[in-house]
Amino acid sequence: MKHPSSQLRTATRRAKSDVANKLISMFLHELSQSISRTWKVKIGSAEYVEMVREAFGNLCPYCSCEMADATFIVEHLDGMNRLRAGLHVPGNVLVACKRCNNEKRRDDSLTVLSLAASGWESFLSHDGTRCKMLCPTCKYWAARWSDEAERKSRLSENLLRIRLFRNRFEEFQTVLPALHATLPALLAKSYLECQVFAETEIKSLLERFRATSGVQF
Ligand SMILES: [Zn+2]
Ligand SMILES: [Zn+2]
């Protein structure tokens, strides 16, 4: 068993990254709102819901399972984290099954993507022939479509369908290259600075508490 103090240190480190992740998420939501204010289609509008339904029917855009057979949740194609810098804007938001949303996190949290240019494209690229060893995502797709030829064609069909969907959003396509070119570096810097700030602030608070309370510790 781990020593309690090492568990505590792990918890403190996790709390600092939670603070930093929260900051990134708040920033990405704020940017999403500002950047899309004048866009023709609004997220949450009946028109957008209809565009998503038209593109994917009642199926998960990744694994094609039926909405009626699974739990579906809001999904961001480019994940809303510091690495993928996804926004909550039309063209990046859809609904997917909870399992895919969960499985996709592995690609979304890779610092360097080797299979594709984006997290969602990478997720759909694990056809069982491109990873050195069968990775958990390759296994996930192999369990969904056991026949290799079928798996490859289903994955590339879904990849194409998502690309076509995204291409329908002109304003989104216009800003996308600039987002990808600038945000990850900016966010990486903020993420680090926020962690340093949290650490410094906690230490300083401890000192101030020690000084004002007179409690010895
Ligand atoms: Zn799915
Ligand atoms: Zn793989």
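Modeller: We may begin with the sequence spacing of a metal site. The donor residues of the zinc ion (ligand 1) are spaced C-x2-C-x33-C-x2-C in sequence. Please keep in mind that this is a predicted model.

Biologist: Which atoms coordinate the zinc ion (ligand 1)?

Modeller: The SG atoms of Cys60, Cys63, Cys97 and Cys100 coordinate the zinc ion (ligand 1), at 2.3 Å. Among these residues, Cys63 and Cys100 link distant parts of the chain, being 37 residues apart. Cys63 lies in the loop between helix H2 (46-56) and S1, whereas Cys100 belongs to helix H3 (residues 98-108). Both Cys63 and Cys100 are buried.

Biologist: What coordinates the zinc ion (ligand 2), and at what distances?

Modeller: The zinc ion (ligand 2) is held by ND1 of His126 and by the SG atoms of Cys131, Cys135 and Cys138, at 2.1 to 2.3 Å. Along the chain, the donors of the zinc ion (ligand 2) follow the spacing H-x4-C-x3-C-x2-C. The site of the zinc ion (ligand 2) is tetrahedral, with angles of 93 to 123° among its four donor atoms.

Biologist: Are Cys131 and Cys135 buried or exposed?

Modeller: The criterion for a buried residue is a relative accessible area under 20%. Cys131 has 19% relative accessibility and so counts as buried. Cys135 is buried as well, because its relative accessible area is 17%.

Biologist: How should I place these sites within the overall fold?

Modeller: One reads the secondary structure along the sequence. The protein chain has seven helices and two strands, in the pattern α-α-β-β-α-α-α-α-α. The C-alpha trace spans about 70 × 50 × 35 Å along its principal axes. Of the 217 residues in the protein chain, 38% are buried.

Biologist: Which polar groups lie by the side chain of Asn92?

Modeller: Asn92 is found in the loop between strand S1 (72-76) and strand S2 (93-97). With 0% relative accessibility, Asn92 counts as buried. A polar atom of the Asn92 side chain lies 2.8 Å from the backbone oxygen of Leu87. The side chain of Asn92 also makes a polar contact with the side chain of Arg166, at 2.9 Å.

Biologist: How many salt bridges does a search of the whole structure find?

Modeller: The search finds 12 salt bridges. One of them joins the side chains of Arg168 and Glu54, at 3.3 Å from N to O. Arg168 is partly exposed, at 43% relative accessibility, whereas Glu54 is exposed, with a relative accessible area of 52%.

Biologist: Why are Arg106 and Glu103 separated by about one helical turn?

Modeller: The answer lies in their sequence positions: they are separated by about one helical turn because they are three residues apart in helix H3. Arg106 forms a salt bridge with Glu103, in which the closest N and O atoms are 2.5 Å apart. Arg106 is partly exposed at 33% relative accessibility, while Glu103 counts as buried at 16%.

Biologist: Finally, which residues make the nonpolar surface patch of about 450 Å²?

Modeller: Ile202, Leu206, Phe209, Val215 and Phe217 make that patch. Ile202 is located in helix H7 (residues 170-213), and at 43% relative accessibility Ile202 counts as partly exposed.

Conventions:
Residues are numbered from 1 along each chain as its sequence is written. Chains are lettered from A and ligands numbered from 1 in the order in which they are written. This is a predicted model: local features need pLDDT of at least 70, side-chain atom pairs count only at pLDDT 80 or more; totals for chains, interfaces and linings use all residues. Side-chain values use heavy atoms; hydrogens and water are left out. Donors are N, O and S atoms within 2.8 Å of the metal (3.2 Å for Na, K and Ca); water is not among the atoms, so sites may look incomplete. Four donors count as tetrahedral if all angles lie between 85 and 135 degrees; four count as square planar and six as octahedral if opposite donors are over 155 degrees apart and all others between 65 and 115; anything else is irregular. Buried means under 20% relative accessible area, exposed over 50%, partly exposed in between (1.4 Å probe, protein chains only). Patches are made of residues with over 30% relative accessible area and no salt bridge: like charges are joined within 9 Å, nonpolar side chains (Val, Leu, Ile, Met, Phe, Trp, Tyr) within 5 Å. Accessible areas come from the Shrake-Rupley method with a 1.4 Å probe; for residues, only the protein chains shown count as cover. A salt bridge is a side-chain nitrogen of Lys or Arg within 4 Å of a carboxyl oxygen of Asp or Glu. Helices (H or I, at least four residues) and strands (E, at least two) are DSSP runs, numbered from the N terminus. A polar contact is a pair of N or O atoms within 3.5 Å; within protein, one must be able to donate a hydrogen and the other to accept it, and residues adjacent in sequence count only if both atoms are side-chain atoms.
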